Amino acid sequence: MDLKFRFHRISPEVLSIEFEKISAAGLSNIAEQLESRFSSIQDVVFLNGVITLFSTELNLLIDELECFFGSMSTTFEPNFKTWHIPIWYNGLDLQLIAEQKKISIDQIKEIHQKGEYTTIGYGFLPGFFYASGVSESLDLPRRSSPRVRVPAQSVAFAAGLMAIYPFETSGGWNILGTTPYQFFDPDKNPPVIIKAGDRLRFYEIDESHFKSLQLIWETSSDREKILSHVC
Amino acid sequence: MFVKRAGLSDTIQDSGRTGFLKYAVPRSGFMDAQSAKRANTILGNDPNDAVLEMSIQGGIYRFDSPTFICVSGAKMNFTLNGKHQESNNPISIQPKDEIEFSQATDGVYTYLAVKGGFKSSIRMGSRSMYPSLFGVSRLKEGDMIEYIPTDPLSDKIDGNTSDRSRNSKMVVYPGPEFTYLKTPEQLGDLSLKVAGHNRMGIRVLPSTYLHRRHSTIKSSVVFPGIIQLTPSGELIILHRDCQVTGGYPRVLLTDENGLNQIAQRRQGSIIQFELADLANYLGE
């Protein structure tokens with residue numbers, strides 16, 4: 001299949017490249033290739049089939065990109081990982097979700113854990129990722145009025161997307177529970193483990209397990225290992 | 001430098017961070033880069049060196065080693081040990097000197113640069129304070145900001161006091177969703193009232209309704225300079241700490257000059273746009 005795309009220059013330093021029919025992992029893979037190949041790219045943002053490049057030498061970069069895309073192989077082997085995320089179902093919105101969807105809290109947990117979620121990119125806040133794949137039997141729109149305080153590490157969903165709040169903030173998503181893992185670390189480079197295209201699975205833990213996993217996470221030197229299996 | 005009394009919203013800013021937008025970390029940096037860079041340049045610093053950014057109301061700061069400082073940006077009266085000082089001018093500082101700022105009489109952001117720049121902590125390649133990276137959103141009383149002492153006698157510094165008009169029209173260009181605007185040819189006649197102001201963006205209320213149609217868009221990339229049209233009819237001029245994606249139509253766009261200019265326009269003030277040619281701006 002041919003990789004179809006269109007260039008949109010938005011400003012003298014910002015170029016969006018819109019791809020037709022591309023997976024989140026494919027998009028992330030191209031973005032990564034572009035960034036490592038062209039040193040004149042200062043920043044890259046990708047979401048919803050669009051890669052946006054920031055460069056102070058955009059004219060030169062566009063010429064190089066045309067050449068690059070002309071010769072690029074059109075098949076991608078998106079390499080993604082699957083991460084296992086513990087969740088303590090203590091969410092503020094569990095009861096409300098149960099009432100609105102006319103299901104029990106146990107069913108909510110079951111549907112949530114059955115799902116596999118695909119990370120599509122970061123936005124909103126540092127380290128806040130969007131993941132698709134929320135089951136229709138669980139899905140709800142954003143709350144009509146956002147909560148002033150959503151606790152850090154809240155696992156929440158809205159409008160078909162799953163996310164984890166990296167910090168305490170205001171927010172309007174429906175909160176299922178809390179994960180003991182902090183997924184954004186500004187002192188590390190890269191500051192995140194989860195990449196666009198990666199798959200997420202959730203498993204239930206209780207309060208005491210939450211505390212022990214929190215301690216393990218904070219003191220671990222290999223967080224990827226912890227995240228790659230059910231603890 | 002010791003913060004004896006913090007201002008309303010003091011932060012340390014440099015020219016910001018690059019390379020982390022992909023994790024939704026904004027670039028941040030000086031709100032009015034022109035003024036901050038002027039203060040640095042007057043001291044012979046790198047224009048991108050870290051400065052203290054004060055907003056509307058400055059504080060009281062004590063210096064514990066010799067240096068030079070320079071104040072630029074929004075007009076804010078200030079004293080050195082009780083004696084009135086001029087901005088855009090290098091000021092020699094001795095140990096135990098105290099600088100006290102009052103309220104800004106015009107504009108929003110005032111900058112205090114120190115010789116060699118502030119050496120505060122660096123997060124993700126920049127000293128620019130951003131809440132979720134630094135754990136705090138502003139400086140507070142008792143904070144200590146490092147700088148490298150300079151012997152006042154050994155440095156000769158040239159002053160430079162150029163200024164510019166902030167009240168001219170703000171140049172804007174068509175944004176990706178320009179067609180969402182009704183009667184764009186009349187943009188230049190609009191008066192726009194500044195309704196809200198922070199480091200993420202500046203909200204302005206147009207004097208007439210601008211929608212051609214009601215709509216949000218698929219979440220798309222945004223950056224400082226993008227102007228969004230909200231469902232309620234407000235325009236948001238996104239600024240240095242803005243998010244990386246947004247769902248409102250990106251109807252217009254301004255440039256670096258426009259960003260510096262709007263940074264200094266206070267809540268309640270009236271601005272005007274001047275629509276310019278995008279192809280020209282893009283250098284096509």
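Student: What makes up chain B in terms of helices and strands?
Tutor: Chain B has four helices and 18 strands. Helices (H or I, at least four residues) and strands (E, at least two) are DSSP runs, numbered from the N terminus.

Student: How do you know how far the model can be trusted?
Tutor: This is a predicted model, in which local features need pLDDT of at least 70 and side-chain atom pairs count only at pLDDT 80 or more, while totals for chains, interfaces and linings use all residues. Residues are numbered from 1 along each chain as its sequence is written, and chains are lettered from A. The predictor's confidence in each residue, pLDDT, runs from 0 to 100; its mean in chain B is 92, and 93% of the residues reach 70 or more. The model scores ipTM 0.91 and pTM 0.90.

Student: Which residues count as touching between chain A and chain B?
Tutor: Two residues are in contact if their C-beta atoms, placed from the backbone, lie within 7 Å. By that test chain A gives 28 residues and chain B gives 25. Elements giving two or more residues on the side of chain A are β1 (5-11), β2 (14-19), β3 (43-47) and β4 (50-54) of chain A.
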